Amino acid sequence: MTIPMKTLVFSVLGLALVACQAPSSSEAQGLRDRIQDRMAERRADRQRSGGGEVSGGETITITVNGQSRNFIVAAPSSGQASSAVIVFHGGGGTAERTFTNNSMSDLAPAMGALAVFPNAIDKNWTDGRITTSGGPDDVAFMRAMIAELSSRYGVDPGRIFGTGISNGAMFTHKLACDAPGLIRAIAPVAGNISEALLAQCNPSSGTPVMIFNGTEDPLMPYEGGRPELDSMLRATGNSAGQDQMVSTVGTADFWAARNGCGAPSEASLPDTANDGTTVTRFTYGCSGNQVILYRIEGGGHTWPGSTGSAPRFAGPISQEIDANEIMLDFFRGYGL
């Protein structure tokens, strides 16, 4: 699917960069409908192929520290791009499933960027928690993958952006801690920084951060501490019970302090979806690397604005905002 850049700039991101006329609601809804149709086609293609193949993406395999690693790339129609958005799947997830179900696989290429979906080994990222200690060197994987993207697609290594959910979101925090500058800006969804990672996080430079977290998230408690499902995890022998999570506000405050930001301003967004959720945006006073928090009141362990269904235990999916549209706008401010 090819979407004219002008349509994308106005309808998806709402930026008046080449003209002053705002997009109509019908244009914006039309773009969303086309993307949802494309995603439905991919899901159908994947079901017909037995679930192992993806439509519209290229799977690339590289070797990192003697291990075979792979990732899926959705490229613009030109086949080349100067920037990229990496989407990290959650724990137990896969690149294939995320590529099929996340609209970033269409949105990023439509605006001239790559959408990249890497696979973790054993479906979990080494994200800085005690739970994942001793796992594969996923930071090294990212360095090697970005080098491959630069060689193969012409991507500028300084224009790489990262997002993800849950375990994937927590891994974006680790990248900002352990490899500052490797990812230009991050937008974690439903994933705070762990106390274990916070204790050793001392990056030499700041990173712009945009956070999306729900107040009713049973897996990533908004107020921090152990997940509400921790007793179940400990009962099955899962070491996740050892981990303590920093609160969502504490996570934002940490990055704001690293970036030299001041106190946040608060803005309640219009309640338009009537879905039991509301959104408040907290914008920290930063001169360079910005920090923004979207608090999803009533939201669960889900991706705001996504379509389809989530597991019942995950909680509500807010339709008050589209996290992908908002984070792409944020990334554009840093060179996407």
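Predicted model: local features only at pLDDT ≥ 70, side-chain atom pairs only at ≥ 80, totals over all residues.
Trainee: Let's start with strand 7, residues 209-214: is it enclosed or open?

Mentor: Buried here means under 20% relative accessible area. Six of the six residues of strand 7 are buried, so the rest of the structure leaves this strand largely enclosed.

Trainee: In strand 7, what is the bridge partner of Ile186?

Mentor: Strand 6, residues 185-189, runs parallel to strand 7, and two bridges join them. Between them the chain passes through helix 7, residues 195-200, in a right-handed β-α-β crossover. As for Ile186, its partner in strand 7 is Val209.

Trainee: And which residue of strand 10 stands opposite Phe212?

Mentor: Strand 10 covers residues 291-297 and pairs with strand 7 in the parallel sense, over six bridges. Within strand 10, the residue opposite Phe212 is Tyr294.

Trainee: Over to helix 10, residues 323-332: how many of its 10 residues are buried?

Mentor: This helix is mostly covered. Its buried residues include Ala323, Ile326, Leu328 and Phe331. The count for helix 10 is eight.

Trainee: Which residue caps the N-terminal end of helix 10?

Mentor: Look for a side-chain oxygen 3.0 Å from the backbone nitrogen of Asn324. Asn324 is itself one of the buried residues of the helix. The oxygen belongs to the capping residue, Asp322.

Note on methods. Residues numbered from 1 in each chain as written. Heavy atoms only, no water. Buried < 20%, exposed > 50% of the residue type's maximum accessible area, 1.4 Å probe, protein only. Helix = DSSP H or I, 4+ residues; strand = E, 2+ residues; numbered from the N terminus. Polar contact = N/O pair within 3.5 Å; in protein donor to acceptor, adjacent residues only side chain to side chain. Pairing = 2+ DSSP bridges. Right-handed = clockwise from strand over helix to strand, strands pointing away.
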